[in-house]
Amino acid sequence: MPIETGKMVDLVHGLLDRSVFSDQAFYQQELEKIFTRAWLWIGHESLVPNPNDFFSTYMGEDPVILTRDAHGNLHAMLNMCRHRGNRVVRADDGNAKNFMCTYHGWTYSSDGGKLVSVPGLQEAYYGELDVEHLGLIEVAQLDTYAGFIFATWDPEAPSLEDYLGDMRWYTDTWFNRREGGLELVGPMKWVIPTNWKMPADNFAGDNYHVSITHRSASIAQARVRGQPAGAPANTGQVSAFNRRTFGIGVNGHSTSGRMAELGEEAPQFSSDSILRQYRQGIQAEMERRLGPTQVRFTPIVGTIFPNASFLLSSNTVRIWNPRGPYSTEVWSFVAVERAAAEAIKKATRLASLLQFGISGMFEQDDMDNWNACVAAGKSLTARRFPQRIDMGIGHEIKHEIMPGMVEPGSSNEVVQRAFYARWEEFMTTSSWADIPLAPQTAQYEGTATFRS
Ligand code: FES
Ligand code: FE
């Protein structure tokens, strides 16, 4: 059935026009309507732990310098010299009080990018240059959640807390479950010929693919471990049709995870025995920080709209940097808990890299599928037949505990519908006033707070 003209996302029938992955005009519109307005995850406090540390990051295609100034405050500025537009910072990260442009030497401070030195200010500019207003362009808003740093170019954007809304109830169960939170290692970076939305859509909670896409890797892994072929692999998957796993959408963010029964032990998605023991050992601390209800939820995977994702079983967090309709620069970090022993951090890093990451056994299966799915959008004939996101449509429920739009079952497409509904809201509105935000309803019973 073709999608109604002009409507890219058909939520009634669960259909998606394939040109959203291939059309250059859509891509340009995404940069403008989504990546200059949404809160974007740009880094983590652990990447800039000391005064004057910096980390080179991106907001969409815009290069951005994330800094911690001498007083400990965080800043994010467009990495563009105000003279001819040269990139001021070329290093991935480092420590510097000031950044000197390599072209003509204009120099900017790390505390918000003030222009602190201009060669020839008196001799060539006659002292007439408006130095005060020629600092680096700062983001409109910057805030942190559980150590993760977010920024937006839009001064009208709601607070980060409202933007995340009840999604925090879910992400807390990993990001905020221990004192001190997470520390990030990386990123590994690589470019894949796919559209940024395809991996964001997969990480939104596509458990449906796991037993098929990762079948050969699972068999190989089971053989090495001496387990029967088809034993669950360490990819965070549960049985493809388990009804005690849920898909959830909140404000365009999405996740999939298991809600344990009262008194039931939390499920273990890691097959590494050291990491399983570690998880059991932190249960009491988790209960204290999350409270008795929230602690029952174990996330598998999720996407924070638009382009940040996480996968707990492999301890990876991601940024899908858009680089054109057919190109995505993947940034993959390993996330370890700051309070964990060094041996646990090492085991976590190793387990993560074996599964996911540029040479990870499971990562490669995914990339190949994403590339081919997006390539279909190039074909005019293929575009006449919409992509389907209708699994489980109409079976969403109001859950008595879990906030947001919830659908029982580890395989459903409620998460993709949430993601693309949000995509369309951003793409078809010109102001934040027209983008709906679900009110926050989640209850927090533990000691964890929004920022730590
Ligand atoms: Fe940076 Fe000229 S472009 S100083
Ligand atoms: Fe996968």
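Student: What is the order of the strands in the open sheet of four strands, and what is the sense of their pairing?
Tutor: In general, strands of a sheet pair through backbone hydrogen bonds, and the sense is either parallel or antiparallel. Here the order is β6-β5-β4-β7, with antiparallel pairing. Strands are DSSP runs of E with at least two residues, helices are runs of H or I with at least four, and both are numbered from the N terminus. Two strands count as paired if DSSP finds at least two bridges between them. Before we go on, note that this is a predicted model: local features need pLDDT of at least 70 and side-chain atom pairs count only at pLDDT 80 or more, while totals for chains, interfaces and linings use all residues. Residues are numbered from 1 along each chain as its sequence is written, and chains are lettered from A and ligands numbered from 1 in the order in which they are written.

Student: What is the order in the open sheet of three strands?
Tutor: That one runs β8-β9-β10, with antiparallel pairing. β8 (98-100) and β10 (115-117) each have a single partner strand, so one side of each lacks a neighbour in the sheet. The twist from one strand to the next averages 35°. Three bridges link β8 to β9 (residues 107-109) in the antiparallel sense, and asparagine 98 is bridged to serine 109 in β9.

Student: What are the domains, and how many residues are in contact between them?
Tutor: Domain bounds come from an automatic or database domain assignment, which gives domain 1 (40-142) and domain 2 (166-434). Their C-alpha centres lie 34 Å apart. Seven residues of domain 1 are in contact with eight residues of domain 2, a contact meaning C-beta atoms, placed from the backbone, within 7 Å.

Student: What radius of gyration does the protein chain have, and what would a compact globule have?
Tutor: The rule for a globule is 2.2 Å times the number of residues to the power 0.38, and the radius is taken over C-alpha atoms. With 452 residues, the rule gives a value near 22 Å, which agrees with the 22 Å of the protein chain. The C-alpha trace spans about 75 × 55 × 45 Å along its principal axes, and the protein chain holds twelve helices and 21 strands.

Student: What is the mean pLDDT, and where does pLDDT stay under 50?
Tutor: pLDDT is the predictor's confidence in each residue, from 0 to 100. The mean for the protein chain is 93, and 95% of its residues reach 70 or more. Residues 233-237 stay under 50, and the model has 27 contacts beyond four places in sequence for them.

Definitions and conventions: Two residues are in contact if their C-beta atoms, placed from the backbone, lie within 7 Å. Axes are lines fitted to C-alpha atoms, for helices over the stretch in contact, and angles run from 0 to 180 degrees between N-to-C directions.
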